[in-house]
Amino acid sequence: MAVSRLPPAALSLKQFLQRQKVLGVYRDLLRSIRRIPTESDRRYLRDWAREEFKRNKTETDQDVIRMMLTQAHNHLEDLRRSLVLAGC
Amino acid sequence: MASRALAYCMRSFARSTARLNHGNAFTRYACAPLVSKQRALGVTPCSQRTRWTELVRISGPSVHLCRHYGDLPPLTLGNIEERVMYVLKLYDKISPEKLQTSSHFMKDLGLDSLDQVEIIMAMEDEFGFEIPDAEAEKLMTPAEIVQYIADKKDVYE
């Protein structure tokens, strides 16, 4: 007879942790984009990142989200390595 | 660096005046305005210092701190709030008419967590210091942001 007191839209722990990871990678991406020298490149990449994340915002399948998270991490690593090579 | 050089000059000047008779308080009063701008030079005992501050007060508004030596203008709560609201008004997803200091980003302004991340990044750019993730995700209204920045920058009023 245990009635759950949680609201229906509450996330499970795994979903909550995944959400935090997504926000974390978005933040890291924005921080790396900040280090890019040209303003127009920065704006382009910021819009690109925003577009990508917003487009997949409504995804609910955990495996798909995990795959997209890995892709985002790969993009982030590419960006960081390019920045190191470019010397900024 | 200029302040260090000034402090060194002050110290050598104070040392030379201390060697003179203590009764010659006039030279001490002359360097009172400069000393009040420096921090903790501690040349004379307390009783002398209170007499200095009285004299400084008499000479009135000419003694307030006007040199920042390359530092930014001091932050006040009103100043922080102005800048936070200005940055928020520039954000394209917020309509400036609906914006108030107590408006919740998600409930009142209809933004989502990605927008909130962008807003906090914009605040980091504006104020020049990093806000860690754990604390950033809790800031949901402009008032909370102002309060957080005031806490971090030690602004009291």
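**Reading an interface, a pocket and a ring pair**

Modeller: Let's start where the chains meet: 18 residues of chain B are in contact with 13 residues of chain A, contact being heavy atoms within 4.5 Å. Keep in mind that this is a predicted model, where local features need pLDDT of at least 70, side-chain atom pairs count only at pLDDT 80 or more, and totals for chains, interfaces and linings use all residues. Residues are numbered from 1 along each chain as its sequence is written, chains are lettered from A and ligands numbered from 1 in the order in which they are written, and side-chain values use heavy atoms, with hydrogens and water left out.

Biologist: How much area is buried between chain B and chain A?

Modeller: The size of an interface is often given as the accessible area lost when the parts come together. Buried area here is what two parts lose on being put together, summed over both, with a 1.4 Å probe. For chain B and chain A that is about 1,500 Å², with carbon and sulfur atoms giving 44%. On the chain B side, B:Leu114, B:Val117 and B:Met121 lose the most, together 37% of what that side buries.

Biologist: Which classes of residue make up the lining of the largest pocket?

Modeller: Ala, Val, Leu, Ile, Met, Phe, Trp, Tyr, Cys and Pro count as nonpolar, Asp, Glu, Lys and Arg as charged, and the others, Gly among them, as polar. By that scheme, the lining has 13 nonpolar, nine polar and five charged residues.

Biologist: And which aromatic pair turns up?

Modeller: Rings of Phe, Tyr and Trp (its six-membered ring) pair if their centres lie within 6.5 Å; planes under 30 degrees apart are stacked, over 60 edge-to-face, the rest tilted. Searching the whole structure gives one pair over all chains. That is A:Tyr26 with A:Phe53, tilted, at 4.7 Å centre to centre and 50° between the planes. The partners sit 27 residues apart, A:Tyr26 in helix H1 and A:Phe53 in helix H2 of chain A; helices are DSSP runs (H or I, at least four residues), numbered from the N terminus.

Biologist: Why does A:Ile65 count as buried?

Modeller: Because its relative accessible area is 17%. A:Ile65 lies in helix H3 of chain A, and among the residues that A:Ile65 touches are A:Gln18 and A:Val22.

Note on methods
Helices (H or I, at least four residues) and strands (E, at least two) are DSSP runs, numbered from the N terminus. Buried means under 20% relative accessible area, exposed over 50%, partly exposed in between (1.4 Å probe, protein chains only). Lists of a residue's contacts leave out its neighbours within four places in sequence.
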